[in-house]
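Hi there,

Here is the structure I promised to pass on. Have a look at it first, and then read my notes below.

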Amino acid sequence: MENENIQKPEFLFGKKNYIIMVVGLVFISLGFIFMAGGGSDNPEVFNEEIYNWQRIRLAPTLVIIGLGIEIYAILANPNT
């Protein structure tokens, strides 16, 4: 019965860390979704929508917040 003596490997992070990582990925994903689009197929046509507040302010802010959350999730104590 060798199976009884084998210990299960512990996860690198705790459940809390993984939940925080998912939240960070959601923020990063939303940031990239807000950055997408707004271009024009015709290079001679200028599309002012590329300079709206979502692409200039909101999207980079969401990505930076998401990266901060990811760093916190990695550095947080895994035993809690």
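Which residues make up the largest nonpolar core? They are Phe13, Ile20, Met21, Ile69 and Ala73. A nonpolar core here means a set of buried Ala, Val, Leu, Ile, Met, Phe, Trp, Tyr and Cys residues joined through side-chain atoms within 4.5 Å. H1 and H2 each supply at least two residues of this core.

Some ground rules before you dig in. This is a predicted model, so local features need pLDDT of at least 70 and side-chain atom pairs count only at pLDDT 80 or more, while totals for chains, interfaces and linings use all residues. Residues are numbered from 1 along each chain as its sequence is written, and side-chain values use heavy atoms, with hydrogens and water left out.

Now the overall picture. The protein chain has 2 helices and 0 strands (DSSP runs numbered from the N terminus: H or I of at least four residues for helices, E of at least two for strands). Of its 80 residues, 22% count as buried; that label means under 20% relative accessible area, with exposed over 50% and partly exposed in between (1.4 Å probe, protein chains only).

The UniProt record, an unreviewed entry, annotates residues 18-36 and 56-75 as "transmembrane region". UniProt positions follow the numbering used here, feature names are shortened, and annotations may be inferred rather than shown by experiment. In the model, residues 18-36 are 95% helix and 0% strand, with the end C-alpha atoms 27 Å apart. For residues 56-75 it is 100% helix and 0% strand, and the end C-alpha atoms are 30 Å apart.

Leu62 sits in helix H2 (residues 53-75). Is Leu62 buried or exposed? Leu62 counts as buried because its relative accessible area is 12%. Leaving aside neighbours within four places in sequence, Leu62 is in contact (heavy atoms within 4.5 Å) with Phe27, Ile28, Leu30, Gly31 and Phe34.

Ile33, in helix H1 (residues 15-35), is another story: Ile33 is exposed, because its relative accessible area is 57%.

Not counting residues up to four places away in sequence, Ala73 touches Phe13, Asn17, Ile20 and Met21.

Cheers
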